[in-house]
Amino acid sequence: MKKFWILLLCGMLLLASCENAMPRAESSESVSREEVSVSVSEESIEESLPDLSEESEVPADPEIPAEMLLEVPVYVEEVQPLYHEEYTAVLGSAEEAKAFFDRYAPEGNGDDYRWQARYDEDFFEEHLLAVAYLPVGSGTPWTGSESLWLKEGVLEWNVNSYVYGDGLEWDLEGWVMAAELPRDLPVTVKTSIEIHYRGVTLYQVNTARQGEAEILLLTSREEAEAFMSRYPSADWEKWDILEYSDFEKYSMIGVYIPTGKIDTVIFESIVRTGEVTEVQFGRGILSEEQEAGGKVYLCKVEKEHPALSRELRLAVRENGYVVENWWTVLYPVHQWADIYSFDNIPADVTVLTDLESKQSFFDTYVKSGSFDMQGNPIPVKIEDRYDEAFFEENVLLAVYREENSGSNGLKLKEVLIRGGNTVEVILTRTVPGPGEAGTDDMREWMFFIELPAEYRVTAETPVKLTVETIS
């Protein structure tokens, strides 16, 4: 019996041992989850670790050159000297531009430049505007932008101060400069501006000699004397050029430009470009004939003037204008018609920039009951001249004017463009003289004035019509 109980106890112990060794369902499921969790965690960590076999590539900052010439549109205007302190800034909004021009070039301060119309919100979506107000201690020189550079994060603005001869008047003058900067340039509103002034003394004479245009760099007294002797002129005597020229400190740019009997040239500026230095002139039309020959200019500059570091190139614009009182004066090709009446009245001046706008204008105004003084419809040639090819290189000013008498005559005198910001069309009106009676019939006039596209006159450009009365 005792033996039986011993065997039963051993059996029970053996059964309990086997039961503990067999995994339960819950234990199996728990182990499975733990293994999966560990597996995923190890793979995730491994993927998150950097690959130490190769160096990681870090995006590089865009390279900004230490020196960059900014060949952008620049406008320079003479203003009243309201303030004595120089001011420069990079503007980023139309509100900032308005505040600047209201302060330094307010409406009524000399000419109305219409700055705000040009630098609106649309402009600042794609541009910044670098501006400078420069008070000058004399009204004799005039200011011109020679070049604009970005150097080590600073805008360096080189400014030429031009004067004829060596005499100065000690009256204060002011100038405003504006440079249009695309927003893709490495410039911000925090970029500072440095103004570097360079003096240029000009001497100009007429000569009877005719020949090919030339431009030379004269670095010594002997070279200057030889140049002057090739272009004899009695006007040389009024300039003490060589007596007061130190060729150890100065060089001269000698320019000869041939002119005809009814045209002339006027110096504009010295401008440094990426490849050359341009000495720029404008060619215009004289009101009276002169002796055919040429113009000779000597431009005296300091030897370290950076403009001399490039090849010199003579640039004479042949589009029939001269620079006068800092206005660009145009004598453009134009046509006109003296008309009885329009069914619809156009604006004083309309800028037509393409074939579609021209066609719309003629359909709306010119073809609506428009006749010349003889009762004939306006000649078709006036319209047909302005085709698609014309608008590829030009814009067209359509000028309307009503006169209260058919005895009054109108002629186009000139078109003035100042810095691309304003355009003024000037007509002259002739009226009957004293004791002469005029007719009571009204007349309407249309002038169609062609402007080369290079002047950047657009449909948004403010254009003013001025009529000067002469007897």
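In what order do the seven strands of the open sheet lie? The structure is a predicted model, in which local features need pLDDT of at least 70 and side-chain atom pairs count only at pLDDT 80 or more, while totals for chains, interfaces and linings use all residues. Residues are numbered from 1 along each chain as its sequence is written, and side-chain values use heavy atoms, with hydrogens and water left out.

The order of the seven strands is β1-β5-β6-β8-β13-β10-β9, and their pairing is mixed. At the edges stand β1 (67-69) and β9 (214-218), each of which pairs on one side only. From one strand to the next, the twist averages 25 degrees. Strands (E, at least two residues) and helices (H or I, at least four residues) are DSSP runs numbered from the N terminus, and two strands pair if DSSP finds at least two bridges between them. In general, strands of a sheet pair through backbone hydrogen bonds, either parallel or antiparallel. Here, β8 (residues 193-207) and β13 (residues 293-302) are joined in the antiparallel sense over seven bridges. Gln 204 has Tyr 297 of β13 as its bridge partner.

Helix α6 (residues 221-230) lies across β9, β10 (250-259) and β13, and runs at about 155 degrees to β9. Contact means heavy atoms within 4.5 Å; axes are lines fitted to C-alpha atoms, for helices over the stretch in contact, and angles run from 0 to 180 degrees between N-to-C directions.

The structure holds 25 aromatic pairs. One of them is the stacked pair of Tyr 231 and Tyr 256, with 4.5 Å centre to centre and 15 degrees between the planes. Because Tyr 231 lies in the loop between α6 and β10 and Tyr 256 in strand β10, this pair ties together parts that are 25 residues apart in sequence. Tyr 231 is buried at a relative accessible area of 3%, and Tyr 256 is buried at 1%. Phe 390 and Phe 391 form an edge-to-face pair, 5.0 Å centre to centre with 90 degrees between the planes. Rings of Phe, Tyr and Trp (its six-membered ring) pair if their centres lie within 6.5 Å; planes under 30 degrees apart count as stacked, over 60 as edge-to-face and the rest as tilted. Buried means under 20% relative accessible area, exposed over 50%, and partly exposed in between (1.4 Å probe, protein chains only).
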